[in-house]
Structures are given as C-alpha cells and as structure tokens.
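I set out below what I looked up, entry by entry. The coordinates I worked from follow.

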Amino acid sequence: MDRIKSRVERRLGPWGVFFKGFLKHPVMVGSIMPSSDITIKKMLEPVKWDECDLFVEYGPGVGTFCRPVLERMKPDAMLIVIDLNPDFIDYLGKSICDSRFYPIHGSAADVQQIIRDLGHEKADYVLSGLPFSTLPDQLGPKIASETHAALRPGGAFLVYQFVKKARAFMEPHFDHIDNGYSFWNVLPCHLFWGWKAK
C-alpha cells in the first residue's frame, strides 16, 4: 500500500503532495486546489519589493506563492515559510533550492520567535492562506495579534480566504485594511491587505 501511495505521489508531483496534505489536515489546508496565477499576482501587487528584506508566509503548501515571491525578491532578502504539515515542509526543502528560502516546521502563532531565531527583528510582509474560519478556538485571533507584533511599522499582513472571517480577526490590530476579490480561483476568494501604522 505504501509503495502504491508513493508511486501516485511521484506521478502527481506537487498536486499529489498538496492533495495528501489536504486529506491529512483539511482544517489547516483549507482548500483542495492551489491558488491561481491571477490570485497570486493580485495578492502580491501592493508589495514594494525594493523595500522588502523579510517576507513570511503561513501555510505555503507546495510553494504556489513561494516561487513567485522568490522571483520578485531582492538578492539579499529572505523568505521564511511556516507550516505545521511536515510533508509540505519536507517537499519544499527538497524542491526549492534558493539560499534566501527557509522552510520552517512550526506554528504561525510562534512567528515572532521564528523570525528572531533566524536573525531578524521584524518582517516587512506576512502572507497567509490559512483558513481562519476553521482554525481551533482563539488561534485565529492569536495569529492576527502575533502577526501585527511581528511586522515593522508600515508593513502589511496579506490574507486570502474563501470567507470574510479573517477580516474580523485583523480589524482589532490593523489600522487600515484594503479589500479585494479574485473570481479566477477555485474557489473565488476574498483578499485583504492589513497595514500597520508607520
């Protein structure tokens, strides 16, 4: 059985890893399909890449956003991705070879400690596709609070969700929240950019 599963995963590539991750942790993955190129472009549009030294992503899955972020980042910037699913972290560590890339097995709620452990004070941007509507009690508000504390003044929390619940977690912490919507996604999703005051 294990041999068959391994063969299917190899044949499906990143889709197989993503699907396996969804089956194992549907509450944490939130979607059976990675984000579309249009959603990625729209979500990353407000980022000032020339001013970005540290970009953090929660729930990177199989790297749907990782590669576009790395393509846009400065040569001396850093991308930290945090996921509770060891399968995703293992896959990313093997499939993305870039000295700026750090896949971390851990919780988004520990973002401040993770950033400090890797030699940074604050992040410029934090991206999240975590399904806030299905996270365990109090984890959503904690992640929003910890993210705000982890960002530099003028930094932003970039969130894409199928439902609007994430905005309610962001509102107590972020001074200004821009809204967007991506129809060209499976499923269509809400986009939020929460800005920390300068």
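**Entry 1. Terms and basis.** I count as a polar contact a pair of N or O atoms within 3.5 Å; within protein, one must be able to donate a hydrogen and the other to accept it, and residues adjacent in sequence count only if both atoms are side-chain atoms. This is a predicted model, in which local features need pLDDT of at least 70 and side-chain atom pairs count only at pLDDT 80 or more, while totals for chains, interfaces and linings use all residues. Residues are numbered from 1 along each chain as its sequence is written, and side-chain values use heavy atoms, with hydrogens and water left out.

**Entry 2. Trp-195.** I began with Trp-195, which I located in strand β7; helices (H or I, at least four residues) and strands (E, at least two) are DSSP runs, numbered from the N terminus. The side chain of Trp-195 makes a polar contact of 3.0 Å with that of Asp-178. I then listed its contacts, meaning heavy atoms within 4.5 Å. Beyond the neighbours within four places in sequence, Trp-195 is in contact with Pro-46, Tyr-125, Gly-154, Gly-155, Ala-156, Phe-174, Asp-175, His-176 and Asp-178. I also noted Ile-177, 18 residues from Trp-195 along the chain, with 6.2 Å between the two C-alpha atoms.

**Entry 3. The protein as a whole.** I found nine helices and seven strands. Of the 198 residues, 49% are buried; buried means under 20% relative accessible area, exposed over 50%, and partly exposed in between (1.4 Å probe, protein chains only). The protein exposes about 10,100 Å², and carbon and sulfur atoms supply 56% of that area. Among contacts with a separation of 6 or more, 66% are between residues 24 or more positions apart.

**Entry 4. Helix α4.** Which residues of helix α4 (residues 37–44) are buried? I found Thr-39, Ile-40, Met-43 and Leu-44. Seen down the axis of α4, these buried residues fall within an arc of 115°, so they line one face of the helix; the arc is that of the directions from the helix axis to the C-beta atoms. The face turned away from the buried side of α4 carries the exposed residues Asp-37 and Lys-41. I recorded the packing partners of the buried residues of α4 as β1 (54–58), α5 (66–72), β4 (123–128), β5 (151–161), β6 (176–182) and β7 (189–195).

**Entry 5. Ser-182.** Ser-182 lies in strand β6 and is buried, at 3% relative accessible area. Apart from neighbours within four places in sequence, Ser-182 is in contact with Thr-39, Pro-188, Cys-189 and Leu-191.

**Entry 6. Val-126.** I placed Val-126 in strand β4, where the residue is buried with a relative accessible area of 0%. Not counting residues up to four places away in sequence, Val-126 touches Val-56, Tyr-58, Thr-147, Leu-151, Ala-156, Phe-157 and Leu-158. Val-126 and Tyr-58 are 68 residues apart in sequence, and their C-alpha atoms are 7.6 Å apart.

**Entry 7. Salt bridges.** How many salt bridges are there? I counted six, taking a salt bridge as a side-chain nitrogen of Lys or Arg within 4 Å of a carboxyl oxygen of Asp or Glu.

- Arg-152 pairs with Asp-124, the closest N and O atoms being 2.4 Å apart. This pair links distant parts of the chain, with Arg-152 in strand β5 and Asp-124 in strand β4, 28 residues apart. Both residues, Arg-152 and Asp-124, are buried.
- Arg-100 pairs with Asp-98 at 2.8 Å between the closest N and O atoms. Arg-100 is buried at 13% relative accessible area, whereas Asp-98 is partly exposed at 24%.
- Arg-167 pairs with Glu-171 at 2.9 Å, N to O. Arg-167 is partly exposed at 23% relative accessibility, and Glu-171 is partly exposed at 44%.

**Entry 8. Helix α6.** I noted Asn-85 as the cap at the N-terminal end of α6, with a side-chain oxygen 2.8 Å from the backbone nitrogen of Asp-87. In α6 (residues 86–95), the residues Asp-87, Phe-88, Ile-89, Tyr-91 and Leu-92 are buried.

**Entry 9. Cysteines.** I found zero disulfides, a disulfide being a pair of cysteine sulfur atoms within 2.5 Å. Cys-52 is buried at 0% relative accessibility, whereas Cys-97 is exposed, with a relative accessible area of 76%.

Definitions and conventions:
Areas by Shrake-Rupley, 256 points an atom, 1.4 Å probe, with all protein chains shown as cover.
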